[in-house]
Amino acid sequence: MAQAATLNDAQIKRALRYCQSRKHTVRDHTILLFSLYTGLRAKELAALRIADVYEADAKPRAQFTLSAAQTKGARSRTVFINAALTAQLVQYAAYRNVLQSPSTAALFPSQKGGHFSANTMCQLFLNIYKACGLNDASSHSGRRTFITRLANKGVGVRVLAALAGHSSIAVTQRYIDVNDAQLANAVELL
């Protein structure tokens, strides 16, 4: 099975623009940004609760802890929220009516109102990317893009592994995409 595509800026903009035409515009836009800015897996996104991401006053947290039950490897880990995602989460709080919702409610409710399943979250990503003509993209594309972009900015593989929740840096290294532009830039450093 081929690896999920790593997305470039134009592809990300195309997917986000497409979300503007969907029924759940703000939710889907926030899910895509969450994937790209945190590198969470579909299973982890589906398991998020309002209290995981928001304080009692509906202010987005700067960081939160995924419980072992919410992760793939059954190990808890801390997720950090950057300024761009924080801004989106402020908008999402108003859209989602976070102050009036139970703290244990799904952060991203499905059409039936409960939590997405991991599989349904994967399907959401596939539907969005396919509609944009990104046939090699999947729910893992945000994760690969997150790791690759941080690696390209010089973030060390140990930090990347911690952010991704990998126990082995060898696993993290497989996520880092290498292209001709990066190779050309590397040799210019000499």
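Me: Among contacts in the chain between residues at least 6 apart in sequence, what share joins residues at least 24 apart?
Reply: Of those contacts, 65% join residues at least 24 apart, where a contact means heavy atoms within 4.5 Å. This is a predicted model, in which local features need pLDDT of at least 70 and side-chain atom pairs count only at pLDDT 80 or more, while totals for chains, interfaces and linings use all residues. Residues are numbered from 1 along each chain as its sequence is written, and side-chain values use heavy atoms, with hydrogens and water left out.

Me: OK, and what does the secondary structure come to?
Reply: The chain has 10 helices and 2 strands, which are DSSP runs numbered from the N terminus, with helices (H or I) of at least four residues and strands (E) of at least two. Starting at the N terminus, the order of elements is α-α-α-α-β-β-α-α-α-α-α-α.

Me: How does its radius of gyration stand against the globule rule?
Reply: The radius of gyration is 17 Å, close to the 16 Å that the globule rule gives for 190 residues, so the chain is as compact as a globular protein of that length. The radius is taken over C-alpha atoms, and the rule is 2.2 Å times the number of residues to the power 0.38. Along the principal axes, the C-alpha atoms fill a box of roughly 55 × 35 × 30 Å.

Me: How much of the chain is buried?
Reply: Buried residues make up 42% of the 190 residues, where buried means under 20% relative accessible area, exposed means over 50%, and partly exposed lies in between (1.4 Å probe, protein chains only).

Me: Switching to helices, how do H2 and H7 cross?
Reply: The axes of helix H2 (residues 25-38) and helix H7 (residues 141-152) come within 6 Å and cross at roughly 40 degrees. Axes here are lines fitted to C-alpha atoms, for helices over the stretch in contact, and angles run from 0 to 180 degrees between N-to-C directions.

Me: Which residues make that contact?
Reply: Ser 35, Leu 36, Tyr 37 and Thr 38 come from H2, and Gly 142, Arg 143, Thr 145 and Phe 146 come from H7. By class, the contact has 3 nonpolar, 4 polar and 1 charged residues, with Ala, Val, Leu, Ile, Met, Phe, Trp, Tyr, Cys and Pro counted as nonpolar, Asp, Glu, Lys and Arg as charged, and the others, Gly among them, as polar.

Me: How many disulfides does a search of the whole structure find?
Reply: The search finds 0, a disulfide being a pair of cysteine sulfur atoms within 2.5 Å.

Me: Where is Gln 111 found, and what does it touch?
Reply: Gln 111 is in the loop between H5 and H6 and is exposed, with a relative accessible area of 65%. Not counting residues up to four places away in sequence, Gln 111 touches Lys 23, His 24 and Arg 27. Gln 111 and His 24 are 87 residues apart in sequence, yet their C-alpha atoms are 9.2 Å apart in space.
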